[in-house]
Amino acid sequence: MLQDRVAIEDLLVRYCRHLDEMDLDALAALFTPDCVVEYGPGRLMTSHGSAQLRSSLERMWRWRRTAHHLANVEIDFGAGGDDAVARSAVTAWHERPDGSTGTVLGRYTDHVRRLPAGWRIARRRMEMVGNDAGFDVNLYRFERQAPPDGWTPPSPADL
Amino acid sequence: MLQDRVAIEDLLVRYCRHLDEMDLDALAALFTPDCVVEYGPGRLMTSHGSAQLRSSLERMWRWRRTAHHLANVEIDFGAGGDDAVARSAVTAWHERPDGSTGTVLGRYTDHVRRLPAGWRIARRRMEMVGNDAGFDVNLYRFERQAPPDGWTPPSPADL
Amino acid sequence: MLQDRVAIEDLLVRYCRHLDEMDLDALAALFTPDCVVEYGPGRLMTSHGSAQLRSSLERMWRWRRTAHHLANVEIDFGAGGDDAVARSAVTAWHERPDGSTGTVLGRYTDHVRRLPAGWRIARRRMEMVGNDAGFDVNLYRFERQAPPDGWTPPSPADL
């Protein structure tokens, strides 16, 4: 199981590196051929199959540079040990050709599957937790719990 | 020991996720009932016990969104293998209801303990390493070593 | 191998912590005596040997505070198991005495070697993937693949 954890974390990390390298062939090979990947409601933001994902991610060339840094990996294995749900967080920094930037803090929920050749991402959904003013892509939103009725903010003197 | 490392790292990562979800029941369950948690000198910034911690962290609803990303985990086990010191770094991004943000780069020093139900945080201290102008919470400060007497800055031409 | 992965990741994380602590003795001890470390083309930006590295990194005192957060660790072991190539990403935040800041998103490529006393970094090269306007150090540049001939940006309506 520990070897599998390492292999799955490697998979998620390689996605980040290959995206920043814009090595889309290497990136697409991390996914199952029939993968479903969804970033947001836009037409290009959901892909069916790794070939369509590869083609769709050519959109990332509209940025001059990107940096995707992964954190907070959690992995829950299914009963058979050949599939797992991996949750992680990402800081994704993007720079436009004019030098302006946009950063998004997101979360990935991935269903990963063991194929004969190794672990692959079969389903990925990204949600946006936070973003700066320069990031304007319409991603799915992460939701947090609402405060209880009657909650009042603390006094600044107590912080 | 490797299984314990994974379990302890999971514990630290779940803290981040549950805080961003504002799932304070799940967050409080990561701590021992008698935990001591200190973020800074303010009255609400130290908690004794997981119930008080849960209540105190309701203050985080004054932010509209937060994202806590963990990095740099180091774990040193005690002699018996049932306790450990875990050190880590966190990037904590916070957004106010008016859209303004504050980010702090901090460090956690955690004493973790194995209970029958699993590893829990018994003591946490946070220190602030860096922050941007928008982050104005009075956290404890991380200290670095001072330069030796007579240190002079390098010439920009050598950088 | 898993124990070695943990030890190598610890090594990379300790570098970050000791640099932020400015504990340069502890930092230099993470490298082989004959290490080669290169950050950029400037005279102080390449070091031969851990003693020279220690001395060269005194330049970091020109910052008032720094925070180095590691991510995306990938480790490939050599055939004998006593050396490895470790790749990682770093967010490095720097604050000047006047309060202005500079952040760089970089990548480390490290050749690590098992010595009798443990794993050490024998060769490190840093490359800059991204940076904000406040970061003006001349680091080596990370290169990504160019778009294919005839690539056209997507329609914003599809994003």
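Two strands count as paired if DSSP finds at least two bridges between them. Helices (H or I, at least four residues) and strands (E, at least two) are DSSP runs, numbered from the N terminus. This is a predicted model, in which local features need pLDDT of at least 70 and side-chain atom pairs count only at pLDDT 80 or more, while totals for chains, interfaces and linings use all residues; side-chain values use heavy atoms, with hydrogens and water left out. Residues are numbered from 1 along each chain as its sequence is written, and chains are lettered from A and ligands numbered from 1 in the order in which they are written.

**Sheet and helices**

In chain A, six strands form an open sheet with mixed pairing, in the order β2-β1-β6-β5-β4-β3. The edges are held by β2 (46-48) and β3 (65-77) of chain A, each with a single partner strand, so one side of each has no neighbour in the sheet. From one strand to the next the twist averages 20°.

A:Arg65 has A:Glu95 in β4(A) as its bridge partner.

Which strands of chain A does helix α1 (residues 2-21) of chain A lie across? They are β1 (31-38), β3, β4, β5 (101-115) and β6 (118-131) of chain A, and the helix runs at about 160° to β3(A). Helix α1 (residues 2-21) of chain B also lies across strands of chain A, namely β3, β4 and β5, running at about 115° to β3(A). Contact here means heavy atoms within 4.5 Å.

In chain C, strand β4 (residues 83-95) and strand β5 (residues 101-115) pair in the antiparallel sense over 13 bridges. C:Val85 stands opposite C:His111 in β5(C). The hairpin of β4(C) and β5(C) has five residues between the strands, and C:Gly99 takes a positive phi near 95° there. β5(C) is also joined by 12 bridges to strand β6 (residues 118-131) of chain C, again antiparallel. In this pair C:Leu105 stands opposite C:Gly130 in β6(C). The hairpin of β5(C) and β6(C) has two residues between the strands.

**Relation of the chains**

**Pockets and cavities**

On a 1 Å grid over the protein atoms alone, a cavity is a set of points where a 1.4 Å probe fits but cannot get out, and a pocket is an open set with protein on both sides within 12 Å along at least five of seven lines; lining residues have an atom within 4 Å of a point. Grid points are joined across faces, edges and corners, and a volume is the space filled by probe spheres set on the points. In the classes below, Ala, Val, Leu, Ile, Met, Phe, Trp, Tyr, Cys and Pro count as nonpolar, Asp, Glu, Lys and Arg as charged, and the others, Gly among them, as polar.

| Space | Volume | Lining residues by class |
|---|---|---|
| Largest pocket | about 1,200 Å³ | 17 nonpolar, 18 polar, six charged |
| Second largest pocket | about 170 Å³ | five nonpolar, two polar, three charged |
| Largest cavity | about 820 Å³ | 18 nonpolar, three polar, nine charged |

The largest pocket is lined by 41 residues, of which A:Thr103, B:Thr91, B:Thr103, C:Thr91 and C:Thr103 are the closest to its centre. β3(A) gives the largest share of this lining, five residues. Residues lining the second largest pocket include B:Pro154, B:Pro156, C:Trp63 and C:Asp136.

The structure holds six cavities of 30 Å³ or more. Of the 30 residues that line the largest cavity, A:Glu9, A:Val73, B:Glu9, B:Val73 and C:Glu9 are the closest to its centre. Two or more residues of this lining come from each of α1 and β3 of chain A, α1 and β3 (65-77) of chain B, and α1 (2-21) and β3 (65-77) of chain C.

Technical notes:
Axes fitted to C-alpha atoms, helices over the stretch in contact; angles between N-to-C directions.
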